[in-house]
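Here is a brief report on strand pairing in one model. Please have the structure open while reading.

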Amino acid sequence: MKRFIFSLLACGLVVVAQPAAAVELKPFDENSLAALKQEQAGRPFVLVLWSVTCVPCREELRLWNAWSNRYSAIKVVLVSTDPPQDHAAAQHMAERYADASADPRAFASDYAERLRWSIDPAWHGEVPRTYFFDAAHHAAPKSGLVDAAFVEAWLAKNSPTTKSTKGTR
Amino acid sequence: MIPLTRNLSFAFSVALIVATSLTQAHTEDTPPTAMKMAMKPGPALAATAAFDAEGTLWAVRSEAGHILLQSSQDAGSHWSPSVKINAEPESIAAEGDGSPKLALGPQGELYVTWTKPMTKPYTGEVRFARSLDRGKTFSPPLTVHADRQEITHRFDALAVTGSGQIVVAWIDKRDLEQTKKNATDYRGAAVYFAVSDDRGATFRGDYRLADHSCECCRIALRVDGNHEVIAFWRHVFEPDIRDHALARFSTDGTVKEFRRATFDEWHVDGCPHHGPAIARDARGRLHAVWFTGAEGKAGVYYGRLIDGAVAAQRKVGAGTAAHADLAVTGRRVALAWKEFDGQRTQLFGEVSDDGGEHWRRIALAQADGPSDHPRLLVRGNDFHVLWNTEKEPMRVVALK
């Protein structure tokens with residue numbers, strides 16, 4: 001019996017540990033956007049910047065997590081702009097509101113100006129901040145909690161014709 | 001996860017609960033390897049300073065759970081070793097707009113405030129400590145507000161009136177929490193304040209200054225006479241306009257005046273993390289700097305706040321200008337801000353000798369690495385700027 005419970009436990013660990021491990025924040029540095037553009041060449045993608053001290057960002061994360069599951073053909077990257085000392089808190093918040101489908105990352109240094117410049121010199125650091133990159137990678141930035149109708153329309157318009165419905169949970 | 005557990009046996013559910021708590025313990029204690037490799041937290045850069053009447057410069061910043069005090073006899077060229085203000089380490093929020101604050105009393109008292117985050121996200125307490133012996137010893141920290149709910153009390157601001165009363169203002173979410181319970185809506189947060197009449201031994205309050213402030217920007221607080229104070233902060237005007245409000249209040253707890261003060265029409269449901277600054281000159285003019293992200297005009301602005309409008313509003317610096325501060329002495333007005341040029345961060349200043357009519361611009365310093373917001377300091381008729389940077393800590397430059 002003991003062994004039986006142990007194997008159940010081990011089984012449970014595998015099932016539960018997977019999503020948590022998958023929400024690991026990866027570093028976002030000044031070359032990350034260029035790398036993303038290369039990786040997504042010819043494809044649209046969305047870059048969402050957020051922070052742990054920002055209340056509307058909770059809703060923003062929740063929404064993007066749902067959209068990234070629903071429109072799985074469009075890459076969504078969620079990036080915490082928090083400095084390294086706040087990354088533990090960012091990790092918790094990302095785990096709470098997002099899963100691996102939304103590729104969570106965090107600013108890799110506290111030289112925020114440099115990282116912001118690598119994304120958009122005209123961005124002043126307000127969050128949430130969302131960049132909608134179309135297939136040609138022309139970006140339309142939005143500050144503040146996104147307008148759901150706008151996003152739905154954009155995602156529908158920019159999704160490949162064989163629209164994926166994978167991941168509706 | 002939920003649909004999965006529906007089909008599982010009781011024993012398996014128990015195993016799941018155990019496993020879940022194990023997983024949580026793991027994530028709380030150990031940061032993921034990728035983060036560990038790439039990121040090393042350093043001391044917080046957020047620092048504040050002030051000159052006393054004898055010309056000694058005092059400064060506070062935080063490191064490893066302590067607020068540290070330093071002083072300089074030569075306007076920041078050389079600093080004394082640091083003294084710990086709070087003997088017991090505690091959690092401290094100290095970055096950017098949430099820096100620890102320092103102000104001096106009329107007899108050279110040192111008053112210090114900071115924000116102590118609590119366990120839940122966004123929550124905090126505003127803490128206060130004082131020294132009556134020029135920094136040799138500090139009182140144990142006390143919590144300024146009477147409200148002890150684990151909610152937001154953050155972004156402390158500190159001022160001392162001409163009569164020596166201490167005023168502390170902060171961003172407070174008790175009204176938001178209350179409306180949540182009643183399932184009604186509440187825009188933003190609120191600004192509250194408390195007053196000490198006994199050199200910081202005790203505080204009375206909590207007085208509500210205004211409903212519907214922005215949740216994540218510093219409050220600019222300036223004494224306006226013996227018993228009055230002006231506050232200037234980012235507000236949330238209906239429905240979602242994050243422009244600025246101005247209020248004048250008395251140390252007896254009454255609000256004398258509240259008005260909208262900037263008119264950029266920035267509609268945004270988000271966090272600018274970018275608070276304003278204000279000061280009144282000898283002729284009574286109110287000078288201000290602030291940031292707006294309003295469509296087509298994003299940037300830092302200077303202007304003079306008059307009733308129902310802004311006079312002489314103009315953009316400050318280049319497109320990346322950020323985190324401007326402002327100070328006044330007599331009819332002289334000074335601005336300081338930073339700008340990232342793609343390679344390094346530049347510190348700029350502007351001075352006007354005639355109450356804001358004519359200005360001259362001066363390049364002050366540059367930094368290759370992270371830096372705090374610049375903080376303007378006044379000594380007699382002179383301006384200085386404290387700019388704490390990672391590579392040149394506690395740097396002070398004169399702004400002539």
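## Basis

This is a predicted model, in which local features need pLDDT of at least 70, side-chain atom pairs count only at pLDDT 80 or more, and totals for chains, interfaces and linings use all residues. Residues are numbered from 1 along each chain as its sequence is written, while chains are lettered from A and ligands numbered from 1 in the order in which they are written.

Strands (E) are DSSP runs of at least two residues, numbered from the N terminus. Two strands pair if DSSP finds at least two bridges between them.

E2 of chain B spans residues 57-63. Six of its seven residues are buried, so the rest of the structure largely encloses this strand. Buried means 20 or more other C-beta atoms within 10 Å of the residue's own, with C-beta atoms placed from the backbone.

E1(B), residues 48-51, runs antiparallel to E2(B), joined by four bridges. Here B:Ala49 faces B:Ala59 of E2(B). Five residues separate the strands in this hairpin, and B:Gly55 has a positive phi near 95 degrees.

E3(B), residues 66-72, pairs antiparallel with E2(B) over seven bridges. The hairpin of E2(B) and E3(B) has two residues between the strands. B:Ala64 in that turn takes a positive phi of about 50 degrees.

## A four-stranded sheet

Chain B also holds an open antiparallel sheet in the order E17-E18-E19-E20. Its edge strands are E17 (277-280) and E20 (309-316), each pairing on one side only.

E17(B) and E18(B), residues 286-292, share four antiparallel bridges. B:Ala277 has B:Val289 in E18(B) as its bridge partner.

Note on methods: Buried ≥ 20, exposed ≤ 12 C-beta atoms within 10 Å, placed from the backbone.
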